[in-house]
Each structure stands twice: as C-alpha cells, then as structure tokens.
Amino acid sequence: MKKLDLNKNLVDLDGNEIENSKLGKLVAGLLMSQKTGDSVKFFDWAVTLHKTGIIEVDEADFSTLKTMVKDNSEYLTMISKAQLLKYFDTVK
C-alpha cells in the first residue's frame with residue numbers, strides 16, 4: 001500500500017505556498033469530475049482527500065490516480081499537474 005499525503009499547498013513559481021490550494025482538495029475535485037471509473041471508490045477517496053488530504057492506495061489504484069492526473073488537461077492547470085506528478089514520483 002502507498003500512503004498519499006496531499007495535505008500540502010501548491011507553491012508558486014517563486015516557491016511560495018499558495019494559500020488555500022491543498023493538493024488533496026484539487027485531486028478530490030478531479031476525482032469528482034470523472035465521467036468513467038469506479039464511482040463509489042472515487043467518491044470515497046474524494047471525501048477523505050477533501051477532509052484529511054491523506055489516502056492509502058494499492059499499486060493499481062496509485063497508477064490509476066497518476067494516469068488521471070497526467071491525462072486530465074481540462075481540470076488541472078500545469079502548475080498543479082506538475083507538482084502532483086513530482087510528488088507521485090517521490091512516493092514509495
């Protein structure tokens with residue numbers, strides 16, 4: 001299992017945290033914008049991420065989330081997508 005701690009703010013181009021920009025809430029919104037996938041699982045993850053910013057996923061679900069972030073250009077901006085993907089690369 002992989003523990004994803006997305007209870008962090010985005011940072012701007014100067015490296016300063018952007019207030020009220022928690023990565024967990026961004027991913028929760030992304031999950032709720034999906035039209036396909038496991039709706040119950042995505043909803044449960046979104047609720048948990050919105051409240052705590054932390055979820056645990058197995059390798060297959062981690063891959064699903066990473067692909068969802070990578071391939072979703074309508075919902076996520078480059079600044080959020082890049083920071084999420086960089087974070088995912090650090091998760092063991």
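**Salt bridges, core and surface**

A search of the whole structure finds 3 salt bridges, a salt bridge being a side-chain nitrogen of Lys or Arg within 4 Å of a carboxyl oxygen of Asp or Glu. This is a predicted model, in which local features need pLDDT of at least 70 and side-chain atom pairs count only at pLDDT 80 or more, while totals for chains, interfaces and linings use all residues. Residues are numbered from 1 along each chain as its sequence is written, and side-chain values use heavy atoms, with hydrogens and water left out.

One of the salt bridges joins Glu59 to Lys2, with the closest N and O atoms 3.5 Å apart. Glu59 belongs to helix α3 and Lys2 to strand β1 (residues 2-5), so this pair ties together parts that are 57 residues apart in sequence. Helices (H or I, at least four residues) and strands (E, at least two) are DSSP runs, numbered from the N terminus. Lys2 has a relative accessibility of 11% and therefore counts as buried; buried means under 20% relative accessible area, exposed over 50%, and partly exposed in between, with a 1.4 Å probe and protein chains only.

Lys41 and Asp61 form another salt bridge through their side chains, at 3.0 Å from N to O. This pair links distant parts of the chain, Lys41 being in helix α2 and Asp61 in helix α3, 20 residues apart. Lys41 is partly exposed, at 29% relative accessible area, whereas Asp61 counts as buried at 14%.

Asp89 and Lys66 also form a salt bridge, and their closest N and O atoms are 2.8 Å apart. Here too distant parts of the chain are linked: Asp89 is in helix α4 and Lys66 in helix α3, 23 residues apart. Asp89 counts as exposed because its relative accessibility is 52%. Lys66 is partly exposed, with a relative accessible area of 28%.

The next topic is the interior. In soluble globular proteins, nonpolar side chains tend to be buried together. A nonpolar core is a set of buried Ala, Val, Leu, Ile, Met, Phe, Trp, Tyr and Cys residues joined through side-chain atoms within 4.5 Å. In this model, the largest nonpolar core has 23 residues, and those with the most contacts inside it are Leu4, Leu6, Leu31 and Leu65. At least two residues of this core come from each of α1 (23-32), α2 (39-51), β4 (54-57), α3 (59-71) and α4 (78-90). The element that gives the most to this core is α1, with 5 residues.

What is Leu6 in contact with, leaving aside its neighbours within four places in sequence? With contact meaning heavy atoms within 4.5 Å, the list is Lys22, Leu23, Gly24, Val27, Leu49, Gly53, Leu84, Tyr87 and Phe88.

Tyr87 and Phe88 are both buried. Together with Phe62, Tyr87 and Phe88 form one aromatic cluster. The structure holds 3 aromatic pairs. In one of them, the rings of Tyr87 and Phe88 have their centres 6.2 Å apart and their planes at 55 degrees, so the pair is tilted. By the criteria used, rings of Phe, Tyr and Trp (its six-membered ring) pair if their centres lie within 6.5 Å; planes under 30 degrees apart count as stacked, over 60 as edge-to-face and the rest as tilted.

Ser80 lies in helix α4 and counts as buried because its relative accessibility is 2%. Not counting residues up to four places away in sequence, Ser80 touches Leu10 and Leu26.

The surface comes last. Leu13, Ile18 and Ile79 make a nonpolar surface patch of about 290 Å². Patches are made of residues with over 30% relative accessible area and no salt bridge, like charges being joined within 9 Å and nonpolar side chains (Val, Leu, Ile, Met, Phe, Trp, Tyr) within 5 Å. Accessible areas come from the Shrake-Rupley method with a 1.4 Å probe. Leu13 is in the loop between β2 (9-11) and β3 (17-22), and its relative accessible area of 84% makes Leu13 exposed.

Asn20 is found in strand β3 and is exposed, with a relative accessible area of 77%. The phi of Asn20 is near 55 degrees, a positive value in a residue other than glycine.
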